[in-house]
Amino acid sequence: MSERSRSRLAVLAPAFARVGVLLAAAAIVGFVFGMKAGLWVAVVGLTLLLVQHLLYASLLADWLEHPRLDDIPNGLGIWTDVFARLYRTRRSTERNERRLQENEERFRRTISALPEGIVLIDATLQIDWCNPVAEQHLGIALRADQGLRVTNLVRDPEFVGYMTSARFDTPLVFQPMAQPGLALEIRVVEFEPERSILITRDITQRERVDAMRRDFIANVSHELRTPLTVVNGFLEMLIDARPEDEATRQHHLQLMQEQAQRMHRLVEDLLTLSRLESSESPLADEVVDVRQLVREVAAEARALSQGRHKIEVDLAPGFVLGSREELRSAFGNLVSNAIRYTPDGGNIKLTWRESAEGGRFEVADTGIGIAPEHIARLTERFYRVDKSRSRETGGTGLGLAIVKHVLMRHDGHLDVQSEMGQGSTFAAVLPAARVIATPSAQVPQAA
């Protein structure tokens, strides 16, 4: 006998037993008081059993309308076992429902913590659910937009065309019109015949890096093309051995030397910038005499100016902990920029001051000044406010980028203040932790 048959027999046996007892009692009454009395006992007994079963069936029907574990009725006889089984079944069901709800809530929390946006959509592109990241990326709200078509909420033509095409072999990269500056990568994964997962990923930084790389390659190519064109042109003239006087020949050689030096400066700056950005070149701390360092930078500035500017130096004694070579490169770039962008007869002042906040090396000039919209981008590679003037003065467009990275390696920053027609002040600010009162014997001092 199968388990199911045994279970059914266990339920029905008590009921058959009660019916058998009732019929036996009716037979005894009929034997003692006559057949009519026995029949009445049987009819009344069976009627009472029927009424009992109808009552419990009614209670069962009412409970099934609102099945709650604490509302299961009590019964007698066969109904005791029926209601007991219902109690066990309902308890197991509620336990499974709680476990399912907990798993679903854990799943939603896990998805909500992902850096990617997740949107569950059906075959008609209606939103079933989404995480907070997707709300930020697509400008939607789960509470307000659940059940709506995602293409009715995100109306960018590229996005709508991609979602309605149903061709999701390659991801879509687009910039939402509602969020300028944000770049998103969209992927759609079909996991059921009628449901899909829309995945959004913020690739703004990646796109920015790719754009910087493309701009960098284009700028380097552009910077090298002009001097190479000049050098190649004059070399062709020399190879062709065209007759020319000595003065013309010297002029051509001088131009070639200037362009070669320009390429050399560009390559040197690129190598310096690459070394500063490389994590493989740790900062070698040494005690640097700032006053001596700035005096050397000022001497080089006077040589570069050739008397065209008045260069003043106002220095307080000071020592900092850092790389003398890198600081000299940073300070030198600030001073050379001031000379290039200050008209003849202008003033340039170099100062070093210390305070509780740290040390501050300032280069103040009376040059042409910088418009406010350019200041935030000055440290970008090859960014120039006036491209033609920068090339004429021999700038590579990398000086301030080098300054920024040197100061970052020294836990400092660059402070720029400027006004059009009134000049500029560039300050290299170092933190108090790198400013020392007197050189220590334990720390190597720069030569």
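**View 1. Strands β7 and β9, paired in parallel.** In this predicted model, strand β7 (residues 310-315) runs parallel to strand β9 (residues 347-355), with 6 bridges between them. Ile311 has Ile348 of β9 as its bridge partner. Strands here are DSSP runs of E with at least two residues, and helices are runs of H or I with at least four residues, both numbered from the N terminus. Two strands pair if DSSP finds at least two bridges between them.

**View 2. The β9-β10 hairpin.** Stay with β9 and look at strand β10 (residues 358-365): the two are antiparallel and share 8 bridges. A hairpin of 2 residues takes β9 into β10. For a landmark, find Leu350, whose bridge partner in β10 is Val363.

**View 3. An open sheet of 5 strands.** Read across, the order is β2-β1-β5-β4-β3, with antiparallel pairing. The edges are β2 (127-130) and β3 (172-174), each pairing on one side only. Neighbouring strands are turned by 25 degrees against each other on average, direction ignored; the axes are lines fitted to C-alpha atoms, and angles between N-to-C directions run from 0 to 180 degrees. Inside the sheet, β1 (residues 117-122) and β5 (residues 195-202) are antiparallel and joined by 6 bridges. Gly117 is bridged to Thr200 in β5.

**View 4. Helix α2 and its buried residues.** The 31 residues of α2 (residues 35-65) reach 45 Å from first C-alpha to last, close to the expected 45 Å. That expected span is 1.5 Å times one less than the number of residues. Buried residues of α2 include Gly38, Ala42, Gly45, Tyr56 and Trp63. Buried is under 20% relative accessible area, exposed is over 50%, and partly exposed is in between (1.4 Å probe, protein chains only).

**View 5. Helix α3, end to end.** α3 (residues 78-112) has 35 residues and reaches 51 Å from its first C-alpha to its last, close to the 51 Å expected. Its buried residues are Ile78, Trp79, Phe83, Arg90, Glu94 and Ile111.

**View 6. Ile28 of helix α1.** This residue belongs to α1 (residues 3-33). Ile28 counts as exposed because its relative accessibility is 55%.

**Notes.** Residue numbers start from 1 along each chain as its sequence is written. Local features need pLDDT of at least 70, side-chain atom pairs count only at pLDDT 80 or more, totals for chains, interfaces and linings use all residues, and side-chain values use heavy atoms, leaving out hydrogens and water.
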